[in-house]
Structures are given as structure tokens and as C-alpha cells.
Amino acid sequence: MSVGVSRRVLPGFSLTLGYVVFYLSALVLIPLIACVLKAASLGWDDFWSVVWTPRARAAYALTFGVSFVAAIVNSVLGLIVAWTLVRYDFPFRRLVDALVDVPLALPTAVAGLVYASLYVPNGWLGQFLVPIGIEGAYSRLGIVLVLIFTGFPFVVRTVQPVLAELDVETEEAAAILGATPGQTFRRVLLPALVPPVLTGFALAFARGLGEYGSVIFISSNIQFETEIAPVLIVSQLEAFAYREAAAIAVMLLAMSFTLLVVINLLERWSQRHA
Amino acid sequence: MSIVIQNVSKRFGSFTALQDVSIKVPEGELVALLGPSGSGKTTLLRIVAGLEAADCGTVQFGTDDITNQNPRDRNIGFVFQHYALFRHMTVFENVAFGLRVRKWANADVQARVMELLSLVKLDILAQRYPSQLSGGQRQRVALARALASSPRVLLLDEPFGALDAKVRAELRQWLRRLHDEYPVTTLFVTHDQEEAFEVSDRVAVMNAGKVEQFDTPDAVFESPASAFVLDFLGNVNVFHGRVQDGKAHVGEIVFDCPGPENQTFGAAKVYVRPHDLDISVEPSEGASLQVRVTHLRPAGSVTRVVAVSIDGQKEIRVDLPIGRSRELAIRKGDVVFVHPRRAHVFAPDYAI
Amino acid sequence: MHKASLAEPHLPSTLPISPPPPPAARRRPEGSPVVRAILISATFGIVGLLILVPLASVFTQAFAKGLGTYWQNLVGNAETRHAIFLTMMVAPIAVALNVVFGLAAAWLIARFRFPGRTLLITLIDLPFAVSPVVAGLVFVLIFGLQTPLGEWLLAHNYQVIFAPPGLVLATTFVTFPFVARELIPVMEAMGPDEELAARSLGASGWQLYCRVTLPSVKWGLLYGVILCNARAMGEFGAVYVVSGRIGGLTDTMPLRVEKLFQEYNQPAAFAVASLLTLLALVTLVVKVSIEPRVRQEQERDLPPEISQEKA
């Protein structure tokens, strides 16, 4: 257990405090503040006219939309996989468990490259899907698919520990009290799983909002259609429209920070009955 | 509703948990399954509950053979050592659970749950969550939950094991009083001898998958059926001797043995309870053992004396009533004489 | 998951420690074999389709034109060679910087209480909430050639943006929480007792740090380092923005993959991607193999060597 120790007893307080504050400021605070200031230099009205253009709105809507859909899908898939990994034993279980982390370890560019090549008309999967009308590459669907990949581990990893901690005895008690397996699942297990699924959803969602590397491979990046917000920022940069880029970045930051707060509140809420 | 267990056996891999166990729990009685860990008591309880399946044998409630019924259909109540309360439900909803899954009407649920909560004196805490309750309170909720649907049989698995000593003692008495008022046939598992004796009408002492003795607490204590039972229940001094002509000889001391007068066999063990030994300053009639006192300790209404035989080989424990120990005024280091008033003699395989 | 060990607000780290595998086949009241079969098949299907197929595809496409072409793609092309070299340089520097920061931050946060501590913890998590593109953008805004600072630097023949230093900065920003977040729970679990004991025995600060603290957190540190490194080598968005896409100068491996893809040179793109994938797989293997030791450090079980000494 960590105990607050008098600074005089253990050495290094000033040294580490100074270094940490310096590092954080130089690397994180100052750059972020610079971004906000740059955006602010537009003035309030101009700021809104820049971040609220039809093109920008389309980008936010798309970013939000695809992240949301991908996170929903991941919630379902993640719950299934987490449940199976925790409650059943089967050959290769450990391997499958380790594979869940691949999207976190794999560079996003590789993910984008692979997904793009898989879903084009002559790709491994595209050759079956395109004829039946499912265009995975260069479409919004493609963005959703690749975001499902990058966000997949989150729900699995938030649900697993909660599921693993559930008492067998609680389920036995429910059975003895007369509940069918379905009733036990609905009334006893599911309520315990809602908090981690929600937390995992929020994490996957947050990840999707910022994702860039994988998306640009698979998206056609057409304005109003398949341009996500980060792509919009980059194109503003390439046009040397720094203030505009900063403004949109600030919008994205605001969305992410809000999500961060929500995630923390969710985690606290999950612990309320512990 | 009585519980009739007949010839139940159970093995887990190569480990035999239960061997041909048969017990009848009379209707309305509170019976304890008492034994050390590994004795099979929890396995037996779980088989009665339906959480495990016996390899062979039958279990009946009254005249219903429920051996192959699954737990949900048996209409029993079960209380777990670690409560197994539903964490995200209030106390009220926990107790109501068994009623709700049976689709009781709301008004009926309300009435029954509040009835039970006042029975266990937790009605004011009905809207709290388990995390806000103490261990003793949680266990009472668990009990109320188990009783809610009027089960025909109540099963408790070391219900007070997770509680601290004082709460344990309180809840024990409370359970006994509850049972006196509402006599549901109850079977409970414990490794605590005091608990079994205080609470139950009858005790089944179990060891290594078998029932060594099934009788009232008094009978089990005073007339233990085997060396194990005697040894398990309370402290006991063990002497090695032999039986000859119907009497057991330990050194110079001769004990009467019940049984035919001309019995003779070799080694036997003589068990004497600490409170069945008396101490005197002079050697008494009949042989007695000379010992030196090494330890004296007051313990409630007795003085616990630990002594070592003069040849240093044997440690002997004696419980002297306080009055007697004051009368004798012995001290550490004194040499005194110990003689038994009563003893149980067991040959290796059976009691005499 | 480290539950409350980081005290207040936090995000689980992006490669959380998996819970220990549950004991095989715990008895459960009823498991319908049909449901079980469906769920297990679904799991294999999901993981197969989402993960195995892409992994297989990387290597298949990389080697599609044979081993010779694969090798040629990697070493025959000057810009690709440089990209590999650049990644191998930038990532370790970023990791090293973040290790120093992580050690300092863990010591500060785990051993002292002071106003603003919670804020500090939140700030450390910040990069997780920032899109990589934004991360790159902020550095362009400060060091870009259009700023006074950028102009001044250029006058002194020094460039940050569109040059390797910018890559290092952007990579460091994006990866800096990793080491700290792995170290803090480990150090909190360890508690200050041993260090206080060392202090009372007369050790100086550095002595107690090197002899007492570091050995106790070595697995957490290693874990943080491999996560940090994997992320650093794979970082795309932030580096894309600060690099200016100058091939042969500022393209790292992920950027090279993208450029090759744009040039329709699939085999070469996949060749480079296969290296990155290999790195990811190695990272996972190392992670899985040291996880039990890291968990021990976090839960403060005695590692095998010490418990044997005591016995």
C-alpha cells in the first residue's frame, strides 16, 4: 500500500517534480495550449464559421457515425468473445486470448493496408463480397470495418476481468431459487456486465474518433462522403491553413476530452456496488 | 419433510468424497454435518441440493425421490458461506428474487418479502445494497432469501464461516431460535464442533467420506462410536495399553472395560477426557500416574493443567473445576498424581 | 486491469494486462452444450476473420512474388532502407526519453502526496485522448517554418518540422504515457517500506534507487518499454503530419508503407508491412511471456527467487 511519505524522508521530490512538470509542459501542455491559442486567434465568429462549414460538419458526422457504429459492433463481438474466453475451456483458448491484443500492437498503417487489399474486388474477401454488393474498400463501410478491427480489444478486455470475478455461487444461488439459465443470465449476469460493456464501448469509440493511419488507406477520402475529421485537418495543413486546422483540431480535442470524462464517470459508476 | 439419503457415493477422479452414506434427517429437525475438511460433508450437502450428482444412491424428500431432479425444481433453500447475494440488487430485490422468477404478483411479493425481512430484523435496510451491509447482516439477508419461497428443506454450507467470532456466536443462537419458531427441516455443514452442538438436534460426524456416528450431541459426546469421533470432539488424552481379562491396562492403571469379562487382545488405546481426570497430592486408591505440573492456565470455569509424566514421556492435560484447583493449590513444578474417573477404550478397529 | 491503483481518473492502458486465465472448467450450474458450441464457433469465426485473415494476408502478399523480390523490396530500395533505418533510430530515442520520464513520474506519484497530484495523473493520460493527427499538428504549430521559432531555428540551420527531430518529438508525445502507466501501479504495490529501510541504513538517494527500487520494478519497466516501443515504431498519424513526407529523409516505415501503396507498389508495401507485423507479433509474444511476472509485481507476490531464499 502506498503511503504518503514525508518529502524529507525519501529523496528526490524536487528533482522529479521539476523534471516531470518541465517534461509535461514542454511536450504536452505548451503544444496543446499553442493549438488552442492558434485557434483562438481566429476570433469567436471566425472560429465558428471555420469549424462549422458544411464540409467540416460532414466530417464530424462521418467521424462520429463510423466510430459509433464500429463501437456498437465491437460491443457485441467483444461480449461474445469475452464470455467464451472466460467461461469455456477449449483448444487454443490461450492463443485466441493472445490474438485479441493484435489490433493494439499492430501499426495502424499495416491495418489500413491489409484491410484495403482484402476488400478490393480482387482481394481475398472482396472477391466474394463485391459481387453481392458489399464494397468494403473506398467506402464508408470500409472505414467502419477497419475501425472495428482497431477497436476490437477494448470491450473484450474490459468485460473479461468482470466476468472472471463473478462468483459461481451467485449463479448456483439463482438456480436454486428457481431461475432458468435464461433468467439467471438476464437478471443476475447481464446487470453486472452492463458497466464494463459501456466502458469498453466508450473506449472503442474514443479510439475511433482519432484514428487516422488505418482509415486513409481504406477510405477514398472524398469530401462530404468519406472524409473523416483528422483527414480534414491534414488537408487544411497541406493548404497552409494553420488556423483553420487548429480550429478543427480544437473541436476534436473537445470531443475526446468529453469522452475521457465520461469514461472516468463510467468507471466510477461500475464500482458503485463493489 | 424429512430428508432420506441412502447409499450415496461420490468420487472425483481418484478421490473418493463419499462412500455409501445413509442418513435420515427427521422432519423439522436441524441436523449438523460435522467433520474436518475433506470429510465429504460439503459434497453431501451439495448432492442434496442438486449442485452435484451422486454416482449412486438416492436422495428423497419425504417420499419423493429427487435424486435426478435439477436444483431449480427441488424447492429448497440454500445459504452459502460467502452469502452469494446479488450485488447489484437491493436487499428487497435479493429476497424477492425467488418469488419474481416464479412470477408472483407484485403485491404478494411485497407482503412476503417484508414479512421475511422483519423476521430477520432487517426491514429498515430493505433498500440498501449488499455492499453497504455487514457480514452478519448479509448472511441474514441470504437466509431470508432462501426462506422466501417456503422451501421444504433448508441447506446451509458453513453459513457462519466467513464471520468473526462474536458475530458467529450471536448468529448461531439466532438461527436456533429461528428454527424453534419455524421448524423447516434443516441440514447444515460445519467444521466447528461447538457450533454443531449448540445449534443442532442431531449431529452426523463425518470422516473421509463416511458417517462415523449419527446421534444427538449428548450421545455423540458421551458415547462416541469410534476413536475418530472421540478425538475430533474436544481435547483428549490418549494412552497406549493392552486389554487383558476384560480390563485395560495402561502401565499400572487398570480401567474397567465394558464388554465380556474374558476379553483379551493386544494393543488398545485408552482415551480419557481432560475433565475426566482428577488430581490428588497423594497417590489414590487404584493406580494413578505420577506427573509433574508444567503449566497452569485459568480458562473460564476450569483450570487447564498441563503435566508431564515423571519419566518425561507423556504429556497429560487435565481440566480441573476452579473450586478443586483452589482446594489443591497446586503450582507449576509440583509433583502430583493423576487418576482417571472414566475412560473410553478402543481397539484399532472397533470400540469396546 | 489496474482497478484503483492509479487512484483517480484514468484510461486503461492500450495494452492492458490480460486477467490471469481462469481455472479450467469451473463448475457452473448448467451450460447448454448447444449455446457453448455456438459461442465457441462464433469466437473462432470473429477472431479468425478480424485478426487471423489480415495477419495471414500480410505475409502472403509480402511473399507473393517470391523470396527474392521480397528481399529486394526491403534492401534494394534506398528510400525503404532509409525508412527502416529512421524508424530504428527515432523509436528508441522516443522510448529512452519516455523511460526517463516514466521513472521520474512513477517515483513522484507513487511515493509522494502533494497538491496537484491528481491533475498530474490525468495529464499523463492525455495523449490517449488526443488524435495522432492533432498531436502532430501541435508541433507544426510551434516549430513549423511559418512560426518565429521555426524561422529562427532555420536561420541556425536547424529544423524540427520536416526533419527527424520533429519525428522524435511527435513520437515521444504519442507514446509517453506507456512507461509511466505501467510503472506507477507496480511502485504503488511495492510500497515505500524497502526504500525507507534502505534510507535508514544510510543509503543515498541514487543507491537506494538503483539497488532497491529498480530491481523491484524491472518487469513492469520492461513491459512498459516493449509497449512503448511497439507503439513508437508503428505510429503513423502524428509522424505523417510533422514529417512533410520527404522520402529518403523523413519517412518512417509506416509512412513508407503508405507511400508505396500510393505508388501502387503492393508487394513492396507489404514487404515493409510484414516487418512491422513481425515486430507486433514479437511484442505480443514477449508481453505474454512476461505478463505473469508483471502481475506478481503489481500484486506484490514475492517472485520465486526471493521466496526460495526465505524458505
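This briefing describes chains A, B and C of a predicted model, topic by topic. Residues are numbered from 1 along each chain as its sequence is written, while chains are lettered from A and ligands numbered from 1 in the order in which they are written. Because the model is predicted, local features need pLDDT of at least 70 and side-chain atom pairs count only at pLDDT 80 or more, whereas totals for chains, interfaces and linings use all residues. Here pLDDT is the predictor's confidence in each residue, from 0 to 100.

**Chain A: confidence**

- Chain A has a mean pLDDT of 87, and 97% of its residues reach 70 or more.
- Of the elements of chain A, helix α3 (residues 54–87) has the highest mean pLDDT, 93, and helix α7 (residues 126–129) has the lowest, 84.
- Where pLDDT is low, the predicted coordinates should not be read in detail.

**Chain A: make-up**

- Chain A contains 13 helices and 0 strands; helices (H or I, at least four residues) and strands (E, at least two) are DSSP runs, numbered from the N terminus.
- A box of roughly 70 × 70 × 35 Å, taken along the principal axes, is filled by the C-alpha atoms of chain A.
- Of the 274 residues in chain A, 52% are buried. A residue is buried if 20 or more other C-beta atoms lie within 10 Å of its own, exposed if 12 or fewer, and partly exposed in between, with C-beta atoms placed from the backbone.
- Two residues are in contact if their C-beta atoms, placed from the backbone, lie within 7 Å. Among contacts in chain A between residues at least 6 apart in sequence, 77% join residues at least 24 apart.

**Where chain B touches chain A**

- In this interface, 19 residues of chain B are in contact with 17 residues of chain A.
- On the chain B side, the elements giving two or more residues are β6 (76–79) and α2 (91–100).
- That side of chain B divides into 11 nonpolar, 5 polar and 3 charged residues. Ala, Val, Leu, Ile, Met, Phe, Trp, Tyr, Cys and Pro count as nonpolar, Asp, Glu, Lys and Arg as charged, and the others, Gly among them, as polar.

**Domains of chain B**

- Chain B is assigned domain 1 (3–232) and domain 2 (237–277 + 289–346); such bounds come from an automatic or database domain assignment.
- The centres of domain 1 and domain 2 of chain B, taken over C-alpha atoms, are separated by 39 Å.
- Contacts join 4 residues of domain 1 of chain B to 4 residues of domain 2 of chain B. The domain 1 side has 3 nonpolar residues, 1 polar and no charged.

**B:Arg341**

- B:Arg341 sits in the loop between β19 (335–340) and β20 (344–346) of chain B.
- B:Arg341 is exposed, because 10 other C-beta atoms lie within 10 Å.
- Not counting residues up to four places away in sequence, B:Arg341 touches B:Asp276 and B:Asp278.
- B:Pro217 is 124 residues from B:Arg341 along the chain, and their C-alpha atoms are separated by 22 Å.

**Chain C**

- Chain C is divided into domain 1 (33–62) and domain 2 (65–301), with centres, taken over C-alpha atoms, 30 Å apart.
- Between them, 5 residues of domain 1 of chain C are in contact with 8 residues of domain 2 of chain C. The domain 1 side consists of 4 nonpolar residues, 1 polar and no charged.
- Helix α11 (residues 218–234) of chain C is mostly covered, as 15 of its 17 residues are buried.
- The expected span of a helix is 1.5 Å times one less than its number of residues, so the 17 residues of α11 of chain C should span 24 Å. The end C-alpha atoms of this helix are 24 Å apart, which agrees.
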